Amino acid sequence: MTVKVGLLGLGTVGIGTAKILLDPAERHPLVKAVEIYRVGVRSLDKPRDIEFPKDRLTTDLDAIVTDPQVDVVVELIGGLEPARSLILKAIQQGKHVVTANKAVIARYGNEIFTAANEAGVYVLLEAAVGGGIPVIQPLKQALGVNRIQAVTGIVNGTTNYILTRMQEEGGDFEAILADAQKLGYAEADPTADVDGLDAADKIAILASLAFGGRIKLEDVFCEGIRHVSAADIAYADRLGFVIKLLAIARRDICPDSNEALEQLQLRVHPTLVPKHHPLASVNDVYNAILIEGDPIGQVMFYGPGAGEGPTASAVVSDILNIVGTLQSQSVAAQSEPQNPLLACTHQHYCQVSPMADIVSRFYVRLLAQDQAGVIGRIGTCFGNHDVSIESVVQIDVHGETAEVVVVTHEVKESNFQAALAELREFANIQNVPSVLRVL
């Protein structure tokens, strides 16, 4: 049985996908069962390092998703539109979909998966999170027998590259971002990466799978790395930490009974990570996702988070999952129900805790007048708001200004923010350049 694929997009990942499918030697036998039937491109005349018969290429993407010969539509054009509309039209035509588009899934997953379930087709998205790292299928299948407690990840290679270089070179954010853009590690418009939006899309997807409920993207707290300075990197290092942009999905815990609650914590922000933590040594453009569950404990997925080969590997793995299912169904009745290990089976939305209720440790860097009693007043202010201080260090003195770094014990976010607001009003506190959470 040959399964015909309609490939939308022949950019970096599209070419990588085609290379795998056109060269099945020494790969899984099912690769031989896949035919690239039609390919949608923006330009027919663009030179490419892969050749197709001209009659397979078309600029009419609509014609591919409505072609009755196409069994699986592989969406690799990116962006929100026309990707969303093409995916929905493919589903309406009874076609299975493979996509690497985390932005569409994070924003329109409810619409897409509801339509897929009604049509009895699959929408698979291994390549949408973590590039070539296999994490989506493990969450749906191998780890599905666990009670997942937390998913914590470095899921954006651009920000990890920038923070790694800041750590190694002592440089500032803007200069290293500019260099990363020249080297091709950062986009000309880096907003989605450096402001945490890309990571928010990805943790929304992972949380939905880990905790068995749909996620509203607007419920994910999101803070980027623009305000992280070389000074913060240096002070974190002296205190035994590195700074990483973490995407966190965690089952909320009652602080009094330590029992799991129904709601989730969903957040993306730069975080001080202890140097002994498994995520602390994940550097450059690499990604890693740490999953904690019962009874498995901790398991970490690590690897390249982007690129032609890694992402194409994830795309083709999804295609093979569908091919295997279609071949097994061809033996049985075509009306067989969907495989629940591949389909989206959850319908309800997860409850998400407001950031004000989150409990965390904090790092604060203050610029204060170098006068007697200032540190004492800082401690009193925090104490009045039930913020317990783990350490307070006067790092440097510049003329009449002292630089003070405070690390707190675990504290409720609302208490900490109230104390910080009061501190900002003190006449001898000149500035609060940095506030970061501590893992």
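Modeller: Thr 152 is buried, with a relative accessible area of 2%.

Biologist: Before we go on, what kind of model is this, and how are residues numbered?

Modeller: This is a predicted model, in which local features need pLDDT of at least 70 and side-chain atom pairs count only at pLDDT 80 or more, whereas totals for chains, interfaces and linings use all residues. Residues are numbered from 1 along each chain as its sequence is written, and side-chain values use heavy atoms, with hydrogens and water left out.

Biologist: Why is Thr 152 called buried?

Modeller: Buried means under 20% relative accessible area, exposed means over 50%, and partly exposed lies in between, using a 1.4 Å probe and protein chains only. Thr 152 has 2%, so Thr 152 is buried. Thr 152 lies in strand S7, residues 147-154 (helices, H or I, of at least four residues and strands, E, of at least two are DSSP runs numbered from the N terminus). Leaving aside residues up to four places away in sequence, Thr 152 touches, among others, Leu 246, Ile 248, Arg 250, Leu 279 and Glu 292, where contact means heavy atoms within 4.5 Å.

Biologist: What makes Ser 85 buried, partly exposed or exposed?

Modeller: Ser 85 has a relative accessible area of 34%, and therefore counts as partly exposed. Ser 85 is found in helix H3, residues 83-92, and its C-alpha atom is separated by 9.5 Å from that of Asp 62, which is 23 residues away along the chain.

Biologist: What makes a set of residues a nonpolar core, and how many residues has the largest one here?

Modeller: The members must be buried Ala, Val, Leu, Ile, Met, Phe, Trp, Tyr or Cys residues joined through side-chain atoms within 4.5 Å. The largest nonpolar core has 79 residues, and those with the most contacts inside it include Val 135, Val 151 and Leu 206. Helix H9, residues 197-211, gives the most to this core, with nine residues. A second, separate core of 34 residues includes Leu 21, Leu 57, Val 72 and Val 323.

Biologist: How do you know how H6 is oriented to H10?

Modeller: Helix H6 (residues 157-169) and helix H10 (residues 230-238) pack at an angle of about 70°, with their axes 9 Å apart; axes are lines fitted to C-alpha atoms, for helices over the stretch in contact, and angles run from 0 to 180 degrees between N-to-C directions. Angles under 35 degrees count as roughly parallel, over 145 as roughly antiparallel, 65 to 115 as roughly perpendicular and the rest as oblique. H6 is therefore roughly perpendicular to H10. Leu 163, Met 166 and Gln 167 of H6 meet Ala 230, Ile 233 and Asp 237 of H10.
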